[in-house]
Amino acid sequence: MRFLKLLGTTTQAGGAALSALWTFPSMLLSAFLVAWGAEAAQFLISQGLALAILAWLQTLPEFAVEAVIAWDAGRNPERGHLAIANLTGAIRLLLGLGWPMIYCVFAVSGRRRGDPTLTPIKLQPEHAVEVLGLVPPLLYFVIIVWKQSISWVDAAILLLLYIGYLVMLLFNPPHNIEELNDAPRVSQWAYRLGGVRQKLAIGGLFVAGGFLLYVTAHPFLESMLAVASVFGVSQFVLVQWVAPFLSEFPEKVSAFLWARRVTHAPMALMNMVSSNINQWTVLAAMIPLVYGYSHYHHTGAWAAFHFDAAQRLEIILTLLQTALGVVVLANMEFDWFDATALFVLWVVQFIAPYLREEVALAYALWIVILLVGFVVRGQPLLAPRYFWETVTKKRSAGTA
């Protein structure tokens, strides 16, 4: 009987896996479409705002997965740990694997171009808004960790923080039209149409990519998760690592595409930073809202989402990793050592999850070392300075 059950599960997963023959190419195409739209849009609106729109489209599968988990947890509170697992896994995967992989693609492409050294990815002054945009939700999550619950009030505050972040992106101007020649031909074509056709073409790239992603995401996730379950992957690992990796797949494709070009590597990194902000605010806010409504629908009473000590450790570990990312980017560059260390610490917690506390301590110590180094060297942090210059420049332009 056990053999027959395994055979049936394997057959079912095999059938689901066949859908990868069309879902995988469709996911790739959707990633290209929204990336082309974002590259054209940065000449009409700020690059940060274009990337925020892109991040929304790219994380739709992730939001869908989290919503299903939170709804199920509202009916079965003992499964609430899976909601935290998916949230923290998505964030740590993007930062611990995504950021280093961007640098890896950037470095390998640099070698092919004849660059003998491992040069860092240098961010542009406008990117200070994204770097510092991570700080407010991280600080507020300290309160959430302290009280070990997240309610609709916390969700409202997190959403307001995200709106504030979007407002700050408006302080950055669109990119200079002289940079259009560096964009892909599709992006150039869309922008050069001019007038109403220009807006329709750029919007059409976003809409077409988003729609293709919408219709493809579910069967793509289902096929990959079915195969993973056959190989005996635990439910927690499946939710914390496998599902986020698959749901973030379109984002990684477009980011790695940009990382191949020197001028676009910062844009690739900011694409993922923008998604990190999205996850710490909107994605996190969705958990108590969906959970509370599901619990109300099932029992007639609204409930806040509570988490235990183990889930608290998961959030603290994720907070420290993201805080380290902010400190690493505080001087507006990302080098080979930053990428390697972030990747190694992520691999350790992935292979040896029982070392979560040790990895969290390593993140905290690294943050302290970097901050002490800034003080000892008397080195002014570029991110706060560029952020302030961006705000004051926009204000001066407005009064003029």
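I began with burial and noted that 52% of the 400 residues of the protein count as buried, where buried means under 20% relative accessible area, exposed over 50%, and partly exposed in between, with a 1.4 Å probe and protein chains only. I keep in mind that this is a predicted model, in which local features need pLDDT of at least 70 and side-chain atom pairs count only at pLDDT 80 or more, while totals for chains, interfaces and linings use all residues. Residues are numbered from 1 along each chain as its sequence is written, and side-chain values use heavy atoms, with hydrogens and water left out.

I then looked up the secondary structure and found 17 helices and four strands; these are DSSP runs numbered from the N terminus, helices being H or I with at least four residues and strands E with at least two. For contacts (heavy atoms within 4.5 Å), I noted that residues 24 or more positions apart account for 81% of those with a separation of 6 or more.

Next I turned to the aromatic rings, of which the structure holds eleven pairs. Rings of Phe, Tyr and Trp (its six-membered ring) pair if their centres lie within 6.5 Å, and planes under 30 degrees apart count as stacked, over 60 as edge-to-face and the rest as tilted. Tyr 103 and Phe 334 form an edge-to-face pair, with 6.4 Å centre to centre and 80° between the planes. This pair links distant parts of the chain, since Tyr 103 lies in helix α5 (residues 80-112) and Phe 334 in strand β4 (residues 333-334), 231 residues apart. I found both Tyr 103 and Phe 334 buried.

Last, I checked the surface: the accessible surface comes to about 18100 Å², of which 71% belongs to carbon and sulfur atoms, by the Shrake-Rupley method with a 1.4 Å probe, where for residues only the protein chains shown count as cover. Val 153 lies in helix α8 and is partly exposed, with a relative accessible area of 38%.
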